[in-house]
Amino acid sequence: MTDRPNGAWFDCLPACETSLPCGTGRHIVRWEAGELRLLSHPDPEAELVLAALGGEKARCVEVAQAWRRHTEDLSVLTIGPRGPADEIAVSWSDVDAAERAAQRGPRPVPHPTSGRVPRRLMYGTPPPTVAPGQPWAQAQPRAQAQPGNPEATEDRERAARRRNDMLSLLALGYGFQVRLIGQVAEAHADLPEEAMEKIRPSLVAAITARLAPVAEEWLGIDPGQVVLTLHRGPGWGSAELTGRGEQRRLRVSLPASWLARVWAAGLTLTGRHLVVAVARPGWPDARVLALRAPGTEPVPLDVHATDPDPASGGLDVRPDAADAPHWDI
């Protein structure tokens, strides 16, 4: 292993695409090689100019702008899924409802309908005003927009835009969600030590939340007994099992790039081995370094990804958690 992994972080991920309501029809949005592409909008920049002059902004363009705004947003790591079993289902109807609520502004809801507030969507934002049982799409930020209080109005608008951004990105589906998490993680993976110190707790929490359920499947250890530290320096890190009973701990040190290069690609547990690094990335064939057990040296494994749909040529169409990449030795 060298100090830096080979290839781009997304080299083990195939392209994926979905359709979304835009204008009077449905348009295709594709993620490919680390970029979001609008197949139905050949010149999105020109459309932005027209929108600035009073025209209507296409939803595809809004989604692309939201994606760009959050490619380095650490709260994405908190809001996004922990794995295929943690699918977050958000529909475009939910997005529409949130946009209508934002346009109305904060007001009491006299007859809230049934629903729940996903707490993860609120992390990093002002706590919203929500009545018991109120649909979460209608939850309003607590900032009080009053006449003569422009700062509070701006805070409310920013919070509403951020919430609408997140709902739109979640509505793209599981495949897009994990790719955005990978992009955010990679953006922070090689920061200088001074900058890393400020965000270390966020990265540790994000990686632990995704490593712990994998460790449970790998070893049968309780997720709460997984202790993670960020590895800085050459090599992949370390893993050891200590203690017994309630004092049992799996202590793992991994680089922040593990979240992008291993977890986002669905490589975490392959052939009953815990994958700790990618030595030769690629789709559908790659070579990884993986642990048979804690305290052992990683061994190289040649792995092959199962195509979710052989007729698609390696393209995930409307990817959800059921279509997460599956790798075999």
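Trainee: What is the accessible surface of the protein, and what share of it belongs to carbon and sulfur atoms?

Mentor: Accessible areas are computed by the Shrake-Rupley method with a 1.4 Å probe, and for residues only the protein chains shown count as cover. In this predicted model, the accessible surface comes to about 16100 Å², with 51% belonging to carbon and sulfur atoms. The model is read under set limits: local features need pLDDT of at least 70, side-chain atom pairs count only at pLDDT 80 or more, and totals for chains, interfaces and linings use all residues. Residues are numbered from 1 along each chain as its sequence is written, and side-chain values use heavy atoms, with hydrogens and water left out.

Trainee: What percentage of the residues count as buried?

Mentor: Buried means under 20% relative accessible area, exposed over 50%, and partly exposed in between (1.4 Å probe, protein chains only). Of the 329 residues, 48% count as buried.

Trainee: Which residue has a positive phi although it is not a glycine?

Mentor: Most residues other than glycine have a negative phi, and most peptide bonds are trans. Ala33 has a positive phi of about 50 degrees; Ala33 is in the loop between strands S2 (25-32) and S3 (35-38). Strands (E, at least two residues) are DSSP runs numbered from the N terminus. At 41% relative accessibility, Ala33 is partly exposed. Arg272 also has a positive phi, of about 60 degrees, and is partly exposed at 48% relative accessibility.

Trainee: Which residues does a cis peptide bond join?

Mentor: The cis bond joins Trp283 and Pro284, with omega about 5 degrees. Pro284 lies in the loop between strands S10 (273-280) and S11 (285-291).

Definitions and conventions
Helix = DSSP H or I, 4+ residues; strand = E, 2+ residues; numbered from the N terminus.
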